Amino acid sequence: MKPRRVAAIARKEFLHIVRDPRSLGMAIAIPMLMLVLFGYALTMDVDNVPMIVWDQSGTHASREFVSRFDLSPYFSLVGHVDSPREIDEALNTRRAIVAMVLPSDFATRLETGRSAPVQMIVDGTDSNTATIALGYAEAIARTYGQEVALAELRRLGGPPLRVPLDLRPRVWFNADMESKNYIIPGLIAVIMMVIAALLTSLTVAREWERGTMEQLISTPVKGPELILGKLIPYFAIGMFDVLLAVLMGEFVFRVPLRGNPALIFGIGSIFLAGSLAMGMLISIVTKSQLLASQIAMITTFLPAFLLSGFMVPIANMPRIIQMITYVVPARYFVRVLHGLYLKGVGLELLALEAALLTVYGTVMVLLAKVKFKKKLM
C-alpha cells in the first residue's frame, strides 16, 4: 500500500464532495438539523399536563386542593366545567388529558374526619403519559391528605405523629431528571451511524453508475488503497460532525459532559470508521446508489434508533429482541456516551464496549476489502 496512491484517491473524493453541494450538505447540515429537531422535539418529560376541574363543592377547602395541582409544574389548569358532558367533550378534543371531579360534600367530609372521594378521569390514549400523570396526581393528593390529617390532629390536641419511614431520595448522574441529558448523547450515536453509512454507501456505487470505475480499475491503485482513500474524506467530515455535535450539546442544549472529551473522539473515531466501512461494503455489494442508500437506511437507522437502548430500554424488550441487540454496534456506543456524559466514568469501565466497537470496525473494513475486486464483473 502506497500513501501517494491513497492520498490521490482521497483528494479525488474531497474534490467531488466540494463540487457537489448535496453531498456536502448531507455530510454536515443534515446531522446538525437532525440533532436540533430531535433534541428539541423528542422529550420523555411529562409536565404541564392539561387538566380541567369539576368542583361541585365550591368551598375554600376544594379551591385549596385544586390550587395544589395548578401550582404544580406537572399540571396546567385549563378551565372549570359544570357537567359530565363538558368533561367528555374536553377529553375527546384533547383540550384536557386529566379531569378531576370533586363531590359537593368535599369540605364537609374533611371537617368531620371522613375521607373525601376525588375522581380522576385520565385520557389513556397515551398510556405512558397517563400513567405518569396519575402518579403525580396521587402524590399531590397523598401529601394534601397528610397535611389535613396532621392539622386535624393538632386541632384536637392529640400527640404529634411520628412517621415510621423517612424516605430521602437522591438522584445520581441526572439530578434534575431532564430527559435531554439522556437523549442528546444517544442522538449523537444514532446520527453518526446513519449519516456515515449513507455517505459511503454511495461512493463505489456512484463510480459504477457513472462509468468511472473502469478507469480506476485500469490504474495501478490497489483495492485496499482505493477503499482507504475513499474513507479518509468522509472520516474527516464525520469527526467534524462529532465536534459540532459535542459543542451543540454543551452550549446549545446545556448537557453536562462529566467524562474525558478525548474518549468521545477516540471511541467515536472507532465507531465512525466501522460505520463508514459498513456503508462502503453496502456500496460494493449493491453497485447501485438507490439500492445502496435504501439498504443503508434500513440497516443503520432502524437498528440504531430502536435497538440500541436509545429510545426503549433493552431490558424491557422481549428476550429474542434483546439477543439481536448484541449485534447492533450503536448499542455499545450509546452506552459509552451515556457513561461519559452522565456518569463521568473512564476507560476502565468502558473497555468492553471500546473493544467490541474495535472488533466491529475491523470486521467491516476487512469485509469491504474482501468484497472489493478490481474487475468489471
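Tutor: Five bridges join strand β1 (residues 49-55) to strand β3 (residues 98-102), and the two strands run parallel. Strands here are DSSP runs of E with at least two residues, helices are runs of H or I with at least four residues, and both are numbered from the N terminus. Two strands pair if DSSP finds at least two bridges between them. Asp-55 stands opposite Leu-102 in β3.

The model is a predicted one, in which local features need pLDDT of at least 70, side-chain atom pairs count only at pLDDT 80 or more, and totals for chains, interfaces and linings use all residues. Residues are numbered from 1 along each chain as its sequence is written, and side-chain values use heavy atoms, with hydrogens and water left out.

Now the whole sheet. Four strands make up an open sheet with mixed pairing, in the order β2-β1-β3-β4. At its edges are β2 (75-80) and β4 (119-122), each of which pairs on one side only. On average, neighbouring strands of this sheet are turned by 25° against each other, direction ignored. Axes are lines fitted to C-alpha atoms, for helices over the stretch in contact, and angles run from 0 to 180 degrees between N-to-C directions.

Next come the helices on the sheet. Helix α3 (residues 60-70) lies across β1, β2, β3 and β4, and runs at about 165° to β3. Helix α4 (residues 84-92) also packs on the sheet, where it touches β1, β3 and β4. The direction of α4 makes about 175° with that of β1. Contact means heavy atoms within 4.5 Å.

For comparison, here is a pair of helices. The axes of helix α7 (residues 180-200) and helix α10 (residues 223-251) come within 11 Å and cross at roughly 160°. That makes α7 roughly antiparallel to α10; angles over 145 degrees count as roughly antiparallel, under 35 as roughly parallel, 65 to 115 as roughly perpendicular and the rest as oblique.
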